[in-house]
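These entries record what I looked up in the structure. I began with a pair of helices and then turned to a single one.

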Amino acid sequence: MQFAIAVPKGALAASVGATLDVLTVASRCARALGKPPLTWGVYSTQRQVALSAGMTVPAQPLEEMRNVSNAILVIPGIGLDHPELNAEADIVDRFRDSNIWHRLLLADAHAFAKLASAHHDAGGAVAASCSGVLLLAQAGILDSRTVTTHWRLGGFLQKYFPKVKVDTRQMLVDDKNVISAGAAMAQMDLMLYLIRKQAGREIADMAMKYFLIDCRPTQARYRVWDHLRSDDDDVTSRFETLIETSLPDVPSIGEAARLLNLTHRTLARRIVKATGASPQALIHTVRMRHAHRLLATGSLSLDEIAYRVGYANVSSLRKLTLKMEQTTPASIKRSGRATDQRKPVSEITECL
C-alpha cells in the first residue's frame, strides 16, 4: 500500500473527496503510462464515516492498519462539523479557540493523533492539510518543524503549540517527512505532491493536467481576516468596515477612533489584542484585499488601481503586494486575465 487515508468523523467532505479523486485519476494515469496503479486504503474508527455536509465514506477499522510503515499516512482536514460541536455556529464562531479545542479534545482526535505519532515513530511519512495539521501538533511530531495550515488556524497553532514554526503564507511545506498543506482545497496540492513523491513526477504531472490545477505556492493572498480570532470584540470588524468604505481616502487612526466613539489608545489596544497586529497593518490588509480584487477581475490600469486603494503611485502598490503576497501587481493581473481566458476542456481522454 502506498497511501493510508485516515478519516475522522466530521471530516471535510471536499478534502476527503479530493484525496480519493486525485488518487483515482492518478492511478488511471499510471496505467495509461504503462506503470503499476496506485494503491491506498481508507481507515477510521467506524466502517461508515459521516463527513461534513451529510456525506459518508466507507472505511476499514484503524486497528486493521498493519504493515503500512512504507505508506504515506494522509489526514485530510478534520473540519469543525463533528456532531458534538455547535452545528449552528457561524463562520466566526466555528474558528473560536474554544470550539477548536472542543474538537481536539474529543476521543477520536486522540485516536488519530496517536496513530500519527506511531506511524511517524515507525519511520513513515505523515501528511495533513488544513485542520488535520492540528492532529499532528497534538501528536507532538511538529515540534521544531516548519508547517503550514489554513491561514485562519495559524494563530491558534502558534499560540497553543509554541514549539511549532508556523508559516501560513505557504501552500505546502515538507519538513523531514512531515508534510503539511494549507486550507481545505490545498488537499489537491498535497495529494499531487505526495503522488510525485511516491509514484513519480510523470504520473503527478499528468494528473495535474487533467484536473487543470495551477501552481499555487502561497496562500498569503487569502490571509485577510486573521482578526476573526477575536472572541468577544467587534471593534476590529467595525474598524475594517470603516476603512474599506472610506477608500481611497483612509482616515487617520485618531479620526477612525473618533468615528467609532473610542480613544486612539483603546482602538489600538483592542485591534492588537484581536489580531496581533497594529491598526496600520490592518489598513494595509484591507487595501491589499481590495487591490487584489481589482487586479484579478478588472481591466483598470495599475495607476488607477493604486489610486483606488489610496496610494499615490504604482511603486507603493508594488511594495504592498510584494510584502503581503510575495508577488507583483502585474503578476496578479496576468493570472486573473489567464483565468478569464481559460477555455473548457472539450475532450475526455482514456485516462479519465
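I took axes as lines fitted to C-alpha atoms, for helices over the stretch in contact, with angles running from 0 to 180 degrees between N-to-C directions. Helices are DSSP runs (H or I, at least four residues), numbered from the N terminus.

The model is predicted, so I kept local features to pLDDT of at least 70 and side-chain atom pairs to pLDDT 80 or more, while totals for chains, interfaces and linings use all residues. Residues are numbered from 1 along each chain as its sequence is written, and side-chain values use heavy atoms, without hydrogens and water.

Entry on the helix pair. I looked up H9 (residues 235-246) and H12 (residues 279-297): their axes cross at roughly 50° and come within 10 Å. That makes H9 oblique to H12 (roughly parallel is under 35 degrees, roughly antiparallel over 145, roughly perpendicular 65 to 115, and the rest oblique).

Entry on H14. I looked up its burial (buried: under 20% relative accessible area; exposed: over 50%; partly exposed in between; 1.4 Å probe, protein chains only). Leu317, Leu320, Thr321 and Glu325 are buried in H14. They lie on the same side of the helix, because they cover an arc of only 95° around the axis, taken from the directions from the helix axis to the C-beta atoms. Lys319 and Lys323 are exposed on the other side of H14.

Entry on serine 315. This residue lies in H14 and counts as partly exposed, because its relative accessibility is 41%. I found leucine 302 at 9.7 Å from serine 315, C-alpha to C-alpha, and 13 residues apart in sequence.

Notes
Helix = DSSP H or I, 4+ residues; strand = E, 2+ residues; numbered from the N terminus.
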